[in-house]
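Please open the model in your viewer and keep the selection panel at hand. The tour below moves from one selection to the next and says what is found at each stop.

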Amino acid sequence: MDEESVAQYILALPDVRFDTSPDGARFFFYGEEKMFPFATLVNSDAHDQVSNLDRPGAFRLNIGVSRETFLSLFPDKGSADYDYTAADVVMPHPDYGRLFWVCIVNPSEATFDKARGLLGEAYDAARAKQARRDESERRREGEQEPRG
């Protein structure tokens, strides 16, 4: 898998939008409100240096998953030592693991099959969060309508 193939897979999900930072990192969001991404792709050491992403062709897929999924993958809560430069390994995110983010540097097709499930979970959670926001907004608007 290359970075563009991963990006195209994510962008094929309904209502996914993205922003790109000046350093080339891509942040994927569900819907119009770009409050918090459910996945990111980074390809440089601009955000951290632990994965050595400045090497040719290197990129890291980062995915926000549920606490339950994270702990099923990392029963040690991600506290073990990881080689964040290693390719094709699902690991806790070096900075956001404590927030239940996982990462994979240069996933292979086989590892990306696993990542598809993780991306689906993250996407569904982002979609559900947006639905809750929308419902809350509808209720607020309904409360403001004049009665009488």
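## First stop: strand E4

The model is a predicted one, in which local features need pLDDT of at least 70 and side-chain atom pairs count only at pLDDT 80 or more, while totals for chains, interfaces and linings use all residues. Residues are numbered from 1 along each chain as its sequence is written, and side-chain values use heavy atoms, with hydrogens and water left out.

## The sheet around it

Now colour by secondary structure, which gives 3 helices and 6 strands; helices (H or I, at least four residues) and strands (E, at least two) are DSSP runs numbered from the N terminus. The 6 strands form an open sheet in the order E1-E2-E3-E4-E6-E5, with antiparallel pairing, two strands being paired if DSSP finds at least two bridges between them. Strand E1 (16–20) and strand E5 (91–92) stand at the edges with a single partner strand each, so one side of each is left without a neighbour in the sheet.

Return to E4 and show its partners. On the E6 side, 5 bridges join the antiparallel pair, and Leu61 has Ile104 as its bridge partner in E6. Towards E3, 4 bridges join the two antiparallel strands, and Thr40 stands opposite Asn62 in E4.

## The nonpolar core

Which residues have the most contacts inside the largest nonpolar core? Select Ile10, Phe28, Phe38, Leu61, Ile63 and Val102, which hold that place in a core of 26 residues; a nonpolar core is a set of buried Ala, Val, Leu, Ile, Met, Phe, Trp, Tyr and Cys residues joined through side-chain atoms within 4.5 Å. Helix H1 (3–11), strand E2 (26–30), strand E3 (39–42), strand E4 (60–64), strand E6 (101–105) and helix H3 (109–144) each supply at least two residues of this core, and H3 gives the most, with 7 residues.

## Two pockets

A pocket is here an open set of points on a 1 Å grid over the protein atoms alone, where a 1.4 Å probe fits and protein lies on both sides within 12 Å along at least five of seven lines; lining residues have an atom within 4 Å of a point.

The largest pocket is lined by 21 residues, and Phe36, Pro37, Phe38, Ala126 and Lys129 lie nearest its centre. E2 and H3 are the elements that give two or more residues to this lining, and the largest share, 8 residues, comes from H3.

Finally, select Phe27, Thr40, Asn62, His93 and Tyr96, which are the closest to the centre of the second largest pocket among the 13 residues that line it. E3 and E4 each supply at least two residues of this lining, and Asn62 of E4 is also the residue that Thr40 stands opposite.

Note on methods
Buried means under 20% relative accessible area, exposed over 50%, partly exposed in between (1.4 Å probe, protein chains only).
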